[in-house]
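Here are my notes on the model you asked me to look over.

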Amino acid sequence: MNDSTPGRERKPPASDSIIRWTTTAAVVVLAGIAAVVSYRHMHELAVRYGEEPWSASLVPLSVDGMIVASSMSILYASRYGRRGSPLAWTLLIVGSPVGVKSSATGTLPR
């Protein structure tokens, strides 16, 4: 039997696994850095505009949580050939700019 035999799948080379794991590790590290910086900026912005420190700590979680939940909902739907609910798309479209804007605003001098 050779590799072109029907029904027989070719095994990917070991380098594919290394590439996949390296890419995953890089994305996880970068996402962790972005999450820390984003959280700090949003928290600082909420405190600057009068939130108590304990409630200001919830603001970044609510914004980023909305983005993660809507993204996962859309991803789940796409795995079954669907587009995702209008609510998920609305939350993603509204939440993403809020997160970016608050992170950018949090870096401005007082």
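1. Helices here are DSSP runs of H or I with at least four residues, strands are runs of E with at least two, and both are numbered from the N terminus. In those terms L87 lies in helix α4. The chain has four helices and zero strands, and reads α-α-α-α along the sequence.

2. A word on conventions. This is a predicted model, in which local features need pLDDT of at least 70 and side-chain atom pairs count only at pLDDT 80 or more, while totals for chains, interfaces and linings use all residues. Residues are numbered from 1 along each chain as its sequence is written, and side-chain values use heavy atoms, with hydrogens and water left out.

3. On confidence: pLDDT is the predictor's confidence in each residue, from 0 to 100. The chain averages 87, and 88% of the residues score at least 70. Where pLDDT is low, the predicted coordinates should not be read in detail.

4. Now the helix spans, for which the expected value is 1.5 Å times one less than the number of residues. With 35 residues, α1 reaches 51 Å from its first C-alpha to its last, close to the expected 51 Å. Just after α1, G50 takes a positive phi of about 105 degrees.

5. Burial comes next: buried means under 20% relative accessible area, exposed over 50%, and partly exposed in between (1.4 Å probe, protein chains only). Of the 110 residues in the chain, 20% are buried. In α1 the buried residues are S38, H41, M42, L45 and A46, and they pack against α2, α3 and α4. In α4 they are A88, L92, G95, G99, S102, S103 and T105, with a cover that includes α1 (14-48) and α3.

6. Which residues form the largest nonpolar core? By nonpolar core I mean a set of buried Ala, Val, Leu, Ile, Met, Phe, Trp, Tyr and Cys residues joined through side-chain atoms within 4.5 Å. There are six: M42, V63, I67, I74, A88 and L92. The elements giving two or more residues to this core are α3 (58-79) and α4 (86-105), and the largest share, three residues, comes from α3.

7. For contacts, the criterion is heavy atoms within 4.5 Å. Leaving aside neighbours within four places in sequence, I67 is in contact with L92, G95 and S96. Among contacts between residues at least 6 apart in sequence, 45% join residues at least 24 apart.

8. Back to L87: buried or exposed? L87 is exposed, with a relative accessible area of 59%. Its C-alpha atom is separated by 9.9 Å from that of I74, 13 residues apart along the chain.

9. Finally, the aromatics. Rings of Phe, Tyr and Trp (its six-membered ring) pair if their centres lie within 6.5 Å; planes under 30 degrees apart count as stacked, over 60 as edge-to-face and the rest as tilted. The count comes to one aromatic pair. The rings of Y76 and Y80 have centres 5.2 Å apart and planes at 55 degrees, so this pair is tilted. Both Y76 and Y80 are exposed.
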